[in-house]
Amino acid sequence: MVFDFLAPLDSEIIAFAGELSSQHLGSKMVLHSSEAVPDLTQISIAIVGVLESRGDKSATGTVDLTAIRKEFYALYPGNWNGSIADLGDLKAGNTIEDTYFALEKLTAHLLRNKIIPVVIGGSQDLTYPLYRAYDAMEQMVNLVGIDSQFDFGKESEGLAVNSYLTKIILEEPNNLFNYSNIGFQTYYNSQEEIDLIEKLYFEAYRLGDISSNIAIAEPIFRDADFVSLDLLSVKSSDSGNFTKFTPNGFNGKEICSLARYAGISDKVSLFGIFNSNTKNSESALIAQIVWYFIEGYHYRSNEYPFSSKESYLKYIIPYEEESLIFYKSDLTERWWIEIPFISNGNNKLKRNTLLPCSYEDYLGACNQELPERWWKAQRKNSL
């Protein structure tokens with residue numbers, strides 16, 4: 001079913017991969033060609049191109065991922081043991097709705113088969129059909145956006161590159177448990193939008209805060225299901241995109257570090273990169289972002305939610321009339337805090353759940369400072 005939607009890689013890419021040495025990534029990957037279809041039962045990570053940008057009215061020309069693929073194939077892998085496939089491209093449909101439908105069905109199939117899609121678009125409104133792919137999984141979804149803007153828009157505007165988050169929030173079924181923004185720049189967002197993030201108990205971290213201490217982003221990714229990366233969150237001097245000039249943003253090292261955090265998270269099952277300008281020199285950076293995500297994936301520790309709590313040290317901190325319960329991993333020394341089940345509440349979470357946190361959150365709780373992430377998760381759980 002997957003390959004009903006996908007066009008194979010063109011002969012130029014296949015020929016390029018064939019000329020690489022046996023040590024290059026392009027020689028070690030499984031490629032979807034006109035002559036061979038990858039065996040999905042042997043695949044851990046699948047790269048999917050989406051040639052759709054009609055959701056961005058300012059986009060010019062067609063999406064061409066050839067340069068990105070050449071840059072990626074020419075890299076050398078780390079000490080990786082999982083199988084990576086390039087499944088080719090989902091071409092733009094007759095209407096943009098056709099593209100959304102095909103992308104949702106394709107992604108849902110990969111997710112059901114425990115394959116992590118790495119989607120390279122296209123415009124960021126593709127985040128919406130990717131989010132809808134989780135409907136088939138019947139689970140709540142935590143979405144992380146690496147973005148300078150929140151992408152709220154007027155409901156009357158419909159689905160577009162700067163309004164997809166509004167549609168995610170308003171459209172039924174509403175499976176969104178949490179949205180976290182990493183790297184927003186205040187002057188790109190109205191005060192009403194910033195207030196709405198707080199009202200919905202979502203999380204937002206300013207660019208300066210993340211850049212000054214990038215490690216604070218790690219627990220956020222550890223709790224994510226889907227990460228949507230806007231290339232416009234990278235400053236133009238590092239991305240190479242001078243068509244849409246961005247004077248401030250993450251640098252190349254920072255965006256690759258965030259991609260690695262996403263990859264190393266045991267929960268992240270979908271990673272998307274959007275709003276690239278493939279006519280400029282962003283291709284090398286995108287290839288390295290994908291490389292770092294895959295590098296992180298191969299260092300996953302399979303901790304919570306896949307291991308039992310017996311693998312952790314338990315810390316109980318008395319707080320007013322209740323207790324805060326922390327867990328520290330024996331394996332990685334990472335921290336979690338428990339969100340208790342509310343017996344008489346409207347629980348979105350059906351059982352006690354561990355929320356990733358930091359050692360600083362634990363120290364704050366010891367000083368009777370309630371972790372903000374814990375408080376927001378509690379409020380969302382009972383809404």
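Reader: What is the order of the strands in the open sheet, and which pairing do they have?

Author: In this predicted model, 4 strands form an open sheet in the order S11-S12-S13-S14, with antiparallel pairing; strands are DSSP runs of E with at least two residues, helices are runs of H or I with at least four, both numbered from the N terminus, and two strands pair if DSSP finds at least two bridges between them. Local features need pLDDT of at least 70 and side-chain atom pairs 80 or more, while totals for chains, interfaces and linings use all residues. Residues are numbered from 1 along each chain as its sequence is written, and side-chain values use heavy atoms, leaving out hydrogens and water.

Reader: How do you know that S13 and S14 pair?

Author: Strand S13 (residues 335-339) and S14 share 5 bridges, where the rule asks for at least two.

Reader: Why are Phe271 and Phe293 called stacked?

Author: Rings of Phe, Tyr and Trp (its six-membered ring) pair if their centres lie within 6.5 Å, and planes under 30 degrees apart count as stacked, over 60 as edge-to-face and the rest as tilted. The centres of Phe271 and Phe293 are 4.5 Å apart and their planes lie at 10°, so the pair is stacked.

Reader: What makes Phe271 buried?

Author: Buried means under 20% relative accessible area, exposed over 50%, and partly exposed in between (1.4 Å probe, protein chains only); Phe271 has 0%, so Phe271 is buried.

Reader: Why is the pair of Phe326 and Tyr362 edge-to-face?

Author: Their planes stand at 80° with the centres 5.4 Å apart, so the pair is edge-to-face.
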